[in-house]
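Hi,

Here is the model I promised to pass on. Have a look at it first, and my notes follow below.

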Amino acid sequence: MPNLIDVTVPVGQSEGTESMVSTWFKSVGDQVTENEPLLEIATDKVNMEVAAPGTGRLAEILKRDGEQVEPGEVLGRIETGAAAVGSGELSPAVRKLLRENNLDASQISGTGRGGRITHQDVMDFVASRGSGKRVPHTQMRRSIAQHMVQSVATAPHVTSVFEADLSSVIADREARKGDFESRGVKLTYTAYFVRAAVKALKAVPEVNSRWHDDALEIFDDINIGIATALGSGGLIVPVITRAQDLDLAEIAERLQDLTERARSERLDARDVQNGTFTISNHGVSGSLVATPVIINQPQSAILGVGKLERRAKPAGDSGNEVTVRPMCYVSLTIDHRVLDGFQANQFLTAWVEAVETVRAPESHE
């Protein structure tokens with residue numbers, strides 16, 4: 001009788017509202033070593049690896065990529081002992097081809113010696129499914145889709161668009177970035193945008209709020225989420241907490257830490273919780289204006305910052321002269337249940353003033 005060990009979803013570690021199998025690193029028949037990463041579980045917040053609980057051969061996969069799972073649920077089984085050695089081995093090229101096509105070895109009949117699956121067996125199976133392919137949704141993409149649909153269905157979205165001159169920000173950054181780099185901190189434009197948002201939220205505190213059916217909850221702390229695109233696809237919003245207590249250097253340092261850990265998938269659940277306002281710096285990918293930027297519910301508004309572009313602007317009192325200035329469009333999308341256009345314009349006025357009147361150096365705020 002073969003000795004089988006269950007591979008289960010860790011209990012108490014799957015942060016988020018839903019979990020699913022993201023990627024199996026091994027196929028049925030593969031040899032595995034105890035504590036070797038076996039598969040990845042994705043939640044709507046973070047990803048985590050599940051290690052092999054023993055050494056042997058992966059005998060069964062019970063939950064495939066894309067399937068929902070619960071804590072403690074059995075994902076697969078490992079056969080240990082002498083019977084597991086050497087049986088059902090796959091070549092590296094076959095394993096790679098199976099992973100690339102999101103296939104499991106159990107789906108394919110092998111024509112090689114002893115029923116072994118060959119590279120051509122996999123190619124023939126792929127060809128038999130016809131042209132094109134279906135790419136299963138990741139848990140993150142499912143969560144984003146649900147969140148966006150829920151946000152639009154919940155809140156009437158209205159967007160105001162202003163224009164900002166970034167000359168002062170650029171000059172201040174040039175003056176400071178050497179000092180920041182000497183301390184290991186990268187000073188980005190986004191750090192200035194966060195600081196300006198703090199000033200604007202103080203000027204119009206209703207923007208830093210949450211709608212309830214019986215009241216508007218206005219938060220004392222300003223916890224600003226930064227929408228961060230991931231190289232593997234998807235989007236996550238790590239949060240700079242208590243931004244009102246941070247100076248520019250502290251904002252830049254916190255921002256660098258969060259974005260680096262987001263892109264290397266090292267965030268934990270605490271890094272993405274309790275946001276009260278969100279910034280989408282969509283201009284980094286080339287867009288001038290994005291509207292509406294969907295509100296990150298249950299927040300009341302989201303700021304969108306477009307691409308920095310040098311544009312001709314009127315100069316002097318006569319209006320007959322022009323100058324070229326580094327400009328960007330900035331938008332505020334609001335939940336119209338909470339805010340009116342007048343308050344949105346007040347916020348954007350304060351934000352634009354903050355970025356256009358940067359003064360260096362300045363002390364801790």
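Val 21 has Ile 41 in β4 as its bridge partner. Strand β2 (residues 19-24) and strand β4 (residues 37-43) are joined by 5 bridges and run antiparallel. Strands here are DSSP runs of E with at least two residues, helices are runs of H or I with at least four, and both are numbered from the N terminus. Two strands pair if DSSP finds at least two bridges between them.

Before you go further: this is a predicted model, where local features need pLDDT of at least 70 and side-chain atom pairs count only at pLDDT 80 or more, while totals for chains, interfaces and linings use all residues. Residues are numbered from 1 along each chain as its sequence is written, and side-chain values use heavy atoms, with hydrogens and water left out.

Back to the strands. β2 and β4 belong to an open sheet of 4 strands in the order β5-β4-β2-β7, with antiparallel pairing. At its edges are β5 (47-51) and β7 (68-69), each of which pairs on one side only.

Strand β8 (residues 74-80) has 5 of its 7 residues buried, so the rest of the structure largely encloses it. Buried means under 20% relative accessible area, exposed is over 50%, and partly exposed is in between (1.4 Å probe, protein chains only). Strand β1 (residues 3-8) runs antiparallel to β8 and is joined to it by 6 bridges; Thr 8, for one, has Val 74 in β8 as its bridge partner. Strand β6 (residues 56-61) also pairs with β8 in the antiparallel sense, over 4 bridges, and there Leu 58 is partnered with Ile 78.

Now the rings. Rings of Phe, Tyr and Trp (its six-membered ring) pair if their centres lie within 6.5 Å; planes under 30 degrees apart count as stacked, over 60 as edge-to-face and the rest as tilted. That rule gives 2 aromatic pairs. In one of them, the ring centres of Phe 193 and Trp 351 are 5.6 Å apart and the planes are at 45 degrees, so this pair is tilted. It links distant parts of the chain, 158 residues apart: Phe 193 is in helix α5 (residues 189-203) and Trp 351 in helix α7 (residues 341-356). Both Phe 193 and Trp 351 are buried.

Phe 277 and Phe 347 also form a tilted pair, at 5.5 Å centre to centre with 45 degrees between the planes. Phe 277 in strand β16 (residues 277-280) and Phe 347 in helix α7 are 70 residues apart, so to speak distant parts of the chain linked by the pair. Phe 277 is buried at a relative accessible area of 0%, and Phe 347 counts as buried at 0% too.

On to charges. Which count do you get for salt bridges? I have 19 in the structure, taking a side-chain nitrogen of Lys or Arg within 4 Å of a carboxyl oxygen of Asp or Glu. Some examples:

- Asp 172 and Arg 176 have their closest N and O atoms 2.7 Å apart. Both lie in helix α4 (residues 167-182), 4 residues apart, about one turn of the helix. Asp 172 is buried at 3%, and Arg 176 is buried at 13%.
- Asp 335 and Arg 337 meet at 2.6 Å, N to O. Asp 335 is buried at 1% relative accessibility, whereas Arg 337 is partly exposed at 29%.
- Lys 63 and Glu 67 have their closest N and O atoms 3.9 Å apart. Lys 63 counts as buried at 18%, and Glu 67 as partly exposed at 31%.

Salt bridges that share partners also join Glu 163, Glu 309, Arg 311 and Lys 313 into one network.

Cheers
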